[in-house]
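Subject: Structure for your review

Dear colleague,

Please find the structure below, followed by an account of what was found in it. I would be grateful if you could read the two side by side.

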Amino acid sequence: MSLVRAEALAGGYRPGVDAISEVAFAAEPGEVVAVLGPNGGGKSTLFRALLGELPHRRGTVELAGRPAYVPQTERARLDFPVSALDVALMGAYARTPFYRRLDRGPGLEALERVGLRDLAGERFGELSGGQRQRVLIARALVQDAPVLLLDEPLSGVDAPSAASIENLFEALRGEGRTLLVATHDVRQARAWQKVLCLNARQVAFGAPACLSPEVLQATYGGELVVLPDGRTAVAVEHHEH
Amino acid sequence: MTEVFSAPYMQRALVEILLLAVLAGALGGWIVLRRLAFFTHSVGTAAFPGLVVAGPWGIAPQLAALGAALGFAGARERLARGDDEDAATGILLVGALALGALLASDVYESGAGVDRLLFGTLIGLSDRDLLLTAIAAVAALAAGAALRRAWLARAFDPDGVRALGVPVAWPERILLGAVAAAVIVALAAVGALLVSVVLVVPAATVRLVAPDLRTLQLGTGVLAAVEGVGALLLAYSVNVSPGPAMAVVSGAVFALVAAVRR
């Protein structure tokens with residue numbers, strides 16, 4: 001049984017202008033799906049659609065419960081007077097009535113899983129980028145959702161955090177959860193179970209073996225350089241000034 | 001000290017300051033965390049024409065201010081288009097001030113009353129003013145207790161808050177409504193131009209050093225009370241208007257804390 005299924009999914013932020021189209025895929029329990037695509041290719045828009053937040057959407061989406069969403073750490077406020085534990089416990093807000101105290105147990109347990117139990121009391125904005133990313137993942141763990149949507153969780157994080165996050169992905173797979181991970185890292189994507197290539201429309205979906213030079217070229221267009229071995233592709237990052 | 005507060009008008013001023021401090025503690029932290037300082041100032045300024053006509057028309061100033069602020073909100077909604085929101089707000093605020101000044105000087109010939117409308121009259125408050133501030137303070141405390149988590153999640157991570165399963169739209173409307181109500185009830189004491197002195201500056205000051213939200217809220221309430229009472233005593237001793245004295249005191253404290261923190 002698929003935990004996530006999309007059929008003929010299309011939509012965008014303005015009527016008549018699709019940011020994504022022709023999206024059709026299904027992800028099973030225990031699968032990590034790499035969502036590949038250039039900047040502006042529709043990765044975040046796909047997540048918005050799956051969260052039910054895309055203003056104009058067509059097609060069908062089936063989800064096994066409300067998915068948890070892990071934003072890029074740059075999107076979170078760093079000047080906020082909240083601790084790592086405060087952030088992790090936000091994952092319990094929906095199930096805890098306002099007149100009940102939050103149970104700190106699940107938050108501390110989630111921080112333990114991402115290797116940050118000792119930093120539970122630290123101010124979120126004073127953690128490193130990788131640590132902040134792990135705290136946001138801990139927040140998703142507290143939600144205890146069957147499906148996790150992670151927006152470039154490995155971009156720009158330090159090596160220990162990247163290793164911790166990848167180990168956690170394996171553990172979550174073992175629990176039968178489905179992870180959709182937006183990423184630019186083609187090499188990393190090949191290590192996961194499925195890949196979903198987006199460039200405004202769906203270019204490909206399937207096992208990583210489908211990542212042929214042609215698929216990568218169609219996915220990234222001018223943002224990709226395919227090296228002479230025919231297998232290795234390097235995404236070119238654009239920096240706007 | 002007790003002699004200073006022997007007169008009923010000074011006792012009412014003291015009570016009003018303490019009630020406004022409760023409001024500042026309940027809402028000031030959210031105003032700075034949600035970056036609603038300009039909104040707060042806008043509601044106060046937009047209310048100015050309403051305050052001008054309230055006397056001649058024989059209606060409660062708070063009601064007239066509310067009407068003017070609602071008119072401002074409606075006009076801003078119609079004029080604002082995407083990135084032009086700040087420009088639309090600025091143009092409307094200039095228009096509100098100009099309209100208020102015109103009504104005061106040429107239509108109703110309010111004369112010196114304009115100063116009172118712009119900068120408040122802490123020592124000229126009625127029992128109704130105190131009652132309205134008390135009601136707003138209790139309502140703000142109740143809203144903050146019930147919606148603290150929704151406001152915090154929304155302020156911290158606007159992109160991810162809906163995925164947390166936390167309601168967004170109606171808590172947001174209640175927050176904006178609570179801030180607008182706080183501004184309206186504060187107008188009598190601090191006027192159209194100085195509402196930020198009570199509702200924004202103490203919170204902005206405490207935020208420089210507060211490690212968590214609870215400290216920010218409690219600290220804001222305490223600082224607003226201390227600054228207000230201090231300004232009232234200062235105004236009494238040197239015979240100046242309390243509203244501007246509060247602005248000077250709270251501005252100086254903010255500058256001092258910011259300088260020490262660096």
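Helices (H or I, at least four residues) and strands (E, at least two) are DSSP runs, numbered from the N terminus. By that numbering, B:Arg35 falls in the loop between H1 and helix H2 (37-46) of chain B.

This is a predicted model, in which local features need pLDDT of at least 70 and side-chain atom pairs count only at pLDDT 80 or more, while totals for chains, interfaces and linings use all residues. Residues are numbered from 1 along each chain as its sequence is written, chains are lettered from A and ligands numbered from 1 in the order in which they are written, and side-chain values use heavy atoms, with hydrogens and water left out.

The interface

Contact means heavy atoms within 4.5 Å. On that basis, 24 residues of chain B are in contact with 30 residues of chain A. Between them the two chains bury about 2400 Å², and 55% of this lies on carbon and sulfur atoms; buried area is the accessible area (1.4 Å probe) that two parts lose on being put together, summed over both.

The rule finds four salt bridges across the interface of chain B and chain A, a salt bridge being a side-chain nitrogen of Lys or Arg within 4 Å of a carboxyl oxygen of Asp or Glu. A:Asp79 and B:Arg35 form a salt bridge, with their closest N and O atoms 3.7 Å apart. Nine residue pairs are in polar contact between chain B and chain A (both at pLDDT 80 or more). A polar contact is a pair of N or O atoms within 3.5 Å; within protein, one must be able to donate a hydrogen and the other to accept it, and residues adjacent in sequence count only if both atoms are side-chain atoms.

On the side of chain B that touches chain A, helix H1 (8-33), helix H7 (127-156) and helix H11 (213-238) of chain B each supply at least two residues. H7(B) gives the largest share of that side, seven residues. By class, the residues of the side of chain B that touches chain A are 15 nonpolar, two polar and seven charged. Here Ala, Val, Leu, Ile, Met, Phe, Trp, Tyr, Cys and Pro count as nonpolar, Asp, Glu, Lys and Arg as charged, and the others, Gly among them, as polar.

B:Arg35 has a further feature: its phi is near 55°, a positive value in a residue other than glycine. B:Arg35 is exposed, with a relative accessible area of 58%. The terms are buried for under 20% relative accessible area, exposed for over 50%, and partly exposed in between (1.4 Å probe, protein chains only).

A:Gln143 lies in helix H4 (residues 129-143) of chain A and counts as buried at 14% relative accessibility. Beyond its neighbours within four places in sequence, the contacts of A:Gln143 include A:Arg66, A:Tyr69 and A:Arg95, as well as B:Ala163 and B:Leu164.

A:Gln202 belongs to strand E9 (residues 201-206) of chain A and is buried at 12% relative accessibility. Residues up to four places away aside, A:Gln202 touches, among others, A:Glu22, A:Ala24 and A:Cys197. A polar atom of the A:Gln202 side chain lies 2.8 Å from the backbone nitrogen of A:Ala24. A:Glu22, in strand E2 (residues 20-27) of chain A, has a positive phi of about 55° although it is not a glycine. A:Glu22 counts as exposed at 54% relative accessibility.

Salt bridges within the chains

The structure holds 16 salt bridges over all chains. A:Arg113, A:Asp144, A:Glu175 and A:Arg177 are linked in a network of them. Within it, A:Arg177 pairs with A:Glu175 at 2.8 Å between the closest N and O atoms; A:Arg177 is buried at 15% relative accessibility, whereas A:Glu175 is partly exposed at 39%.

In chain B, B:Arg12 forms a salt bridge with B:Asp127, the closest N and O atoms lying 3.8 Å apart. This pair links distant parts of the chain, 115 residues apart, with B:Arg12 in helix H1 and B:Asp127 in helix H7 of chain B. B:Arg12 is partly exposed, at a relative accessible area of 26%, and B:Asp127 is exposed at 55% relative accessibility.

With kind regards
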